[in-house]
Amino acid sequence: MIPAQFDYVRPTTVEEAVQALRDGGDDAKLLAGGQSLLPVLRLRMADPSLIIDLGGIAELKGLREEGNEVVVGAMTSHHDVARDDTLRQHVALIQEATKTVADPQVRHRGTLGGALAHADPAGDLAAPALALDAQFVIAGPNGTRTVAAADFFEDYFTTAIGEGELLTEIRFPKFTGWGARYEKFNRVAQAWSIVAVAATVKVEGGTISEARIGLTNMAGTPVRARAVESALVGQSASEENVRKAAQAAAEGTSPTADADAGSDYREHLARVLTGRAVLAAAG
Amino acid sequence: MARIRTTVDGLVYEDDVEPRMLLVQYLRERLGKTGTVIGCDTSNCGACTVHLDGMSVKSCSVLAVQANGAEVLTIEGLERDGQLHPMQQAFHDNHALQCGYCTPGMIMQSIDLLGDNPDPSEHEIREGIEGNLCRCTGYQNIVRAVQDAASKMKPGASATQQSSAQPVAGGGA
């Protein structure tokens, strides 16, 4: 199908984009890579009167190191995130998850910021961002503000980005030397995750000293498996220890039931995939 | 209406388009480049894959206005001087199609894949074309065709057909 009619602007600075949002009012929609928005427009599940294309804003693209952080521009493509050496060294978890997003064509167009702002509970990048305590920089009419990942994801497809605002940067603390694994369970190659687990661990002398685990699609927002994280600390990374700790993975989650899986099956998947992800990350 | 200027298969086009026009519609309906097909229209099947500034994209998931100032390469731009691109030839030689509907997208994505990874394993080929669906072949001969093309497109390969053909490599390598 063909989208409903809309007006189109392509600002070249964040300031112009904020102004376009102000001019466009409630009915304006931001276009990042378009790999979620364009299908929605084609199905006429949305019919904004104005599309603001962020593709022309150079300052939103690319990565840089700033002290103990790696800062990724919101319009950096999945393709670029997946092959960046700095991220490989310091924030491997977001890279591992990004490699599993959709397919190569979608990764060429889709962006980190677009996916996070879309906040699909089955999307793959929110759980690692939460596990890594990423900071979200949001620009608006009153300047910029920074929101922690724990406060950014509010509900299904709902984030802390307010009216008239846009996501400009995602700031990741460095996890240099940590092992990372994104373990994803889906039916066919490019399908959404039924459940996925983002795990990154620090292993010192065979013992897990720190662990971060985020769950995809186990609630309306990504969830930290904190009970597993604390159960892992101080343990040797043996299969038995990890599987035992992973039994707590579904604690505090509220997974949905749909045609792919019931809630209890999702809880089972969370436990199994957490075990696999931690073992791989520790190995 | 928005004015766009785009290079498609080596020629520059200027057109006024509605912002809502999809790139695949522009290619087919304005430029008559019907070699690029619409399969699922839901971003799943990859039949509409083209290269945009050297990277494979699903042209049903890009607006024509987003291609303003860009270079687009379609399946129709691969042939040189009457000679098929090595990937096209490999699909022909290995019987890598039955109904042929997925073929334009498969070939464009396979060229992109080799641009990134000139010597892919079978597994890497299957992952590389995971965004392209074929409902006829079971993929076996498609994978063989990509392996065949990879061996012929390798630097130093003696492929005589390349001497005059100058194949276009994609993938932003």
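In helix 11 of chain A (residues 239–246), the buried residues include Val242(A), Ala245(A) and Ala246(A); helices here are DSSP runs of H or I with at least four residues, strands are runs of E with at least two, and both are numbered from the N terminus. Looking down the axis of helix 11 of chain A, the buried residues sit within an arc of 100 degrees, so they line one face of the helix; the arc is taken over the directions from the helix axis to the C-beta atoms. The cover over these buried residues includes helix 10 (226–232) and helix 12 (263–282) of chain A, where contact means C-beta atoms, placed from the backbone, within 7 Å.

All of this comes from a predicted model, in which local features need pLDDT of at least 70 and side-chain atom pairs pLDDT 80 or more, while totals for chains, interfaces and linings use all residues. Residues are numbered from 1 along each chain as its sequence is written, and chains are lettered from A and ligands numbered from 1 in the order in which they are written.

Zooming out, chain A has 12 helices and 14 strands. Its radius of gyration is 19 Å, close to the 19 Å that the globule rule gives for 283 residues, so chain A is as compact as a globular protein of that length; the radius is taken over C-alpha atoms, and the rule is 2.2 Å times the number of residues to the power 0.38. Along the principal axes, the C-alpha atoms of chain A fill a box of roughly 60 × 45 × 30 Å. Buried residues account for 52% of the 283 residues.

Chain A also meets chain B, with 24 residues of chain A in contact with 23 residues of chain B. On the chain A side, strand 1 (7–9), helix 2 (37–42), strand 3 (50–53) and helix 6 (104–109) each give two or more residues, and helix 6 of chain A gives the most, with 5. That side splits into 12 nonpolar, 7 polar and 5 charged residues (nonpolar: Ala, Val, Leu, Ile, Met, Phe, Trp, Tyr, Cys and Pro; charged: Asp, Glu, Lys and Arg; polar: the others, Gly among them).

Definitions and conventions: Buried ≥ 20, exposed ≤ 12 C-beta atoms within 10 Å, placed from the backbone. Contact = placed C-beta atoms within 7 Å.
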